[in-house]
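Here is a short briefing on how parts of one protein model pack together. Keep the structure open as you read.

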Amino acid sequence: MLNSREWKTFTQSKDFPFTGYQRLTLISSCFGRFRSMETGRTQFPFPYQPYDIQEHFMRALYNALDQGKVGIFESPTGTGKSLSLICGALSWLTDYEERRRREAAALLQEGEAALSTPAAQTSTSTSSAEPDWITDFVQKKAERDLVSKLKEDELKRKKREERLEMIRSNVQLKYAMKRKSCEDDEAFKLLQLSKEEKTETQEDQEDEELVVAEYESDDETKTRSRFSIAEDDTDDELVEEHVAKIYYCSRTHSQLAQFVHEVQKSPFSKDISLVTLGSRQNLCINEEVRHLGSIQRINDRCMEMQKNKHEKQLPEEGVKRKRGPAKSVCPFNKASALQRMRDDVLGTVHDIEQMLKLGRDTHSCPYYATRLAIPPAQLVVLPYQMLLHEATRKAAGVQLKGQVVIIDEAHNLSDTLSCIHSAELTGAQLCRAHSQLTQYAERYKSRLKAKNLMYIKQILFVIEGLVRVLGGKVGQNPQSQTIKAGTEMLTINNFLFKAQIDNINLFKLQRYFEKSMISRKLVGFVEKYAGSGVSLHTQSSSNKENRRTEGLNRYLQTLQSSQSSVPVSSADQQGSAETEKVLSASPMMQVEGFFTALTNSNTDGRVVVHRQGTLSESSVKFLLLNPAVHFAQVLKECRAVIIAGGTMQPVSDFKQELLFSAGVGEERITEFSCGHVIPPENILPLILCSGPSGQELDFTFQNRDSPRMMDETGRILSNICNVVPGGVVCFFPSYEYSKRIISHWEASGTLTRLANKKKIFQEPKKANQVEQVLSDYSRCIQRCALDGGGLTGALLFSVVGGKMSEGINFSDDLGRCVVMVGMPYPNIKSPELQEKMSYLDKHLPHSGGRSPGQALIENLCMKAVNQSIGRAIRHRGDYSSMVLCDKRYSRPATLSKLPAWIRDRTSMHATFGPAFSALRKVRSEYADTCPQSNHCMVAKTLHIL
């Protein structure tokens with residue numbers, strides 16, 4: 001078999017049988033094959049001398065990207081996973097671009113040589129009826145087209161590189177931007193001043209923006225939404241074609257910011273074009289919009305401003321502009337300012353905070369500037385909810401065809417996909433949506449086109465059917481409607497039949513929602529007329545129509561005054577004014593999402609009808625059972641997909657549920673798992689089968705509530721707190737069990753004995769209190785390390801799957817020991833989980849004598865355990881103990897699901913004595929070697945990712 005050099009020599013020899021266009025196409029098709037044959041790299045740019053496992057990681061990653069694989073990569077947190085991803089992936093991207101450049105140059109050279117060859121030499125004998133001159137003409141035209149395309153691509157590449165180089169080196173550009181920013185500030189102040197001087201006009205003119213435009217559903221090719229802002233609000237020169245790029249996804253914006261900071265420290269920071277994407281809530285700098293609070297309100301207001309701008313730029317022919325106040329347009333969304341910010345974002349690596357500052361300095365919108373920067377960017381950083389949801393992906397301008405996707409922190413990828421594509425509606429939301437849409441149709445029925453009215457009536461009919469399934473009626477207060485409690489699981493088709501809406505085309509309704517933007521119109525309608533209880537009609541209510549509408553308005557106000565009609569998580573934090581603002585928002589967005597969910601395949605999902613005491617508390621929920629159906633498109637379009645995490649074990653169900661079910665063959669999947677960089681003696685994983693008094697540790701549902709089991713758990717913690725310095729983190733399987741066992745300890749005096757050794761902290765229920773608790777916990781450990789005294793540190797009670805089991809670093813003295821009480825199995829009686837198990841048993845193969853449903857339960861439990869106990873070891877010099885309190889951990893099948901770097905060091909103890917001796921030995925060893933560890937690191941080791 002020839003290598004690339006031998007192949008090039010052969011093609012240039014007289015023995016090569018092809019000429020002209022045939023020669024060019026054959027050479028072009030073989031380049032890709034030689035590229036995959038010559039894969040591999042041994043040296044990678046790195047900011048310091050990499051660990052061996054980092055070098056292995058980067059080589060495996062490079063090969064997976066080059067061969068177009070779906071890779072599952074596991075590297076424990078603290079091993080430099082982010083830097084390994086950055087340096088390995090960007091090294092491949094650099095080499096890939098260089099190879100493409102060389103190939104294009106070689107093809108261009110061959111093409112120009114072919115064009116310069118006389119026609120007589122390129123003519124070959126043929127049995128076709130065409131004369132030789134026609135064949136030559138066709139071949140020459142194909143050659144010219146190919147050469148022109150190569151020249152055009154080369155010119156675009158050079159222009160792009162020259163522009164980026166100019167951006168990075170031209171300091172004068174920043175001064176010009178600053179001068180322009182001052183001018184824009186003055187213009188903005190004048191705009192605000194002119195707003196204050198505006199006078200109100202007639203109500204009908206103000207309502208014009210709330211009326212749905214004429215809708216044509218039968219000819220989608222002729223329909224062009226006048227409110228679309230994807231590319232319509234930008235100049236043509238701002239839109240570029242997509243270059244080869246890597247999409248990096250993670251779970252939260254803080255994790256993305258940490259990744260960007262690692263890129264800034266890497267050797268690629270000066271050469272890479274990176275853009276960070278986020279929601280409007282994260283990137284908006286317009287204070288008038290930001291103060292609206294909820295993401296739904298921010299999106300609606302921003303879309304309205306873009307629509308106003310678009311209508312102003314493109315007035316309809318023959319339509320006379322009505323007098324009245326000018327519609328509000330965002331002053332930060334100007335083409336020239338967006339272009340300047342886009343160039344600055346591409347020229348220097350920025351995280352979200354830096355982009356916000358840049359946006360304020362340049363008076364340009366970071367949200368739209370980052371969207372414009374996607375095509376020319378080489379590395380796009382975004383939350384994986386934005387990438388995994390097709391509609392959101394398209395709206396953001398993300399194109400996956402032939403690109404690379406890296407999904408970090410992917411241990412919960414399957415659950416994330418299911419949650420993104422599931423939807424739930426309460427009876428209160430359904431009744432409120434029906435009431436608001438009815439009032440909207442009544443008010444504007446004389447100004448709505450017939451097709452709009454038809455679709456609105458269909459939406460109302462479907463909502464009535466959903467309420468009917470729950471056992472209630474529309475037009476009545478949902479809180480006063482009592483229904484028989486119970487839960488029912490239905491297929492999509494059976495649910496549609498039961499609701500008597502099977503004759504409605506939900507796909508057409510879905511398109512109507514998208515094209516007409518009725519949900520956003522309804523939000524504006526509710527905000528205008530119902531936000532403060534204002535009557536919908538100010539004129540006399542003497543006629544029958546007004547009396548009917550006023551009755552609906554009173555009903556709407558009663559719904560708003562009810563605290564339980566809509567779940568508001570931030571009501572206690574924002575006060576009554578914010579509560580009223582949230583309650584006034586329309587739930588039509590949620591209705592739209594539920595309608596979309598019902599368009600899934602009948603076999604891929606179920607509808608859970610959950611009836612409680614009242615209609616207001618009851619709900620209908622769509623449950624996605626097959627997340628692979630939505631992940632399949634990502635896998636199909638992308639060149640390569642890398643799924644990475646600190647703890648990916650167990651991966652068997654992951655492969656079956658997400659990859660094999662999506663049509664990925666075993667030959668395309670590659671796996672990589674590495675150990676930790678810490679010495680093996682720095683961790684002490686222990687499995688306790690019994691406690692100090694000999695009580696067997698069996699935290700099954702039947703045994704865990706016994707007083708003997710709770711007392712034994714208290715004695716184990718007391719002994720651990722006596723010998724372990726610094727912080728001890730104790731994880732319970734659920735909030736309910738945590739509350740029960742702590743109450744028992746309070747009554748028995750165990751909690752007092754624990755408090756004599758370590759100050760006790762508990763995981764808060766409210767997310768906004770987590771940081772304060774962790775800060776107090778850290779300061780307590782620091783004081784104890786410096787001052788000594790009776791306390792030796794702090795004890796933190798947490799819950800598996802709670803706010804502190806993921807994304808929190810308990811490094812160094814913050815987590816010298818992690819205690820896992822019992823095994824956190826999910827609630828097997830949950831109807832959703834039972835249906836999921838049944839679906840897997842039916843569609844996935846059995847293995848190892850266990851059904852896929854049983855394997856799911858075990859894997860969910862062990863994934864949660866692995867995430868929790870991995871909180872303690874965060875860097876090379878760290879050390880910690882991990883105590884697993886339950887005899888079931890000693891089962892070989894369970895033990896095999898621990899990460900290899902923990903499993904290989906795990907020891908099982910039938911009695912408590914040997915385990916306690918091992919804990920004391922660890923303390924004595926590190927007290928001698930690291931006497932200053934208690935106060936040299938603790939102040940800077942608490943990181944909220």
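Leucine 413 touches Leu388, Ile407, Phe631, Ile643, Phe654 and Leu658, leaving out residues up to four places away in sequence. Contact here means heavy atoms within 4.5 Å. This is a predicted model, where local features need pLDDT of at least 70, side-chain atom pairs need pLDDT 80 or more, and totals for chains, interfaces and linings use all residues. Residues are numbered from 1 along each chain as its sequence is written, and side-chain values use heavy atoms, without hydrogens and water.

**Threonine 713**
- Threonine 713 sits in helix H29 (residues 707-723); helices are DSSP runs of H or I, at least four residues, numbered from the N terminus.
- Is threonine 713 buried or exposed? Its relative accessibility is 2%, so threonine 713 counts as buried (under 20% relative accessible area, with a 1.4 Å probe and protein chains only).
- Beyond neighbours within four places in sequence, threonine 713 contacts Phe699, Ile741, Trp745 and Val821.
- A polar atom of the threonine 713 side chain lies 2.8 Å from the backbone oxygen of methionine 709.

Key: Helices (H or I, at least four residues) and strands (E, at least two) are DSSP runs, numbered from the N terminus. Buried means under 20% relative accessible area, exposed over 50%, partly exposed in between (1.4 Å probe, protein chains only). A polar contact is a pair of N or O atoms within 3.5 Å; within protein, one must be able to donate a hydrogen and the other to accept it, and residues adjacent in sequence count only if both atoms are side-chain atoms.
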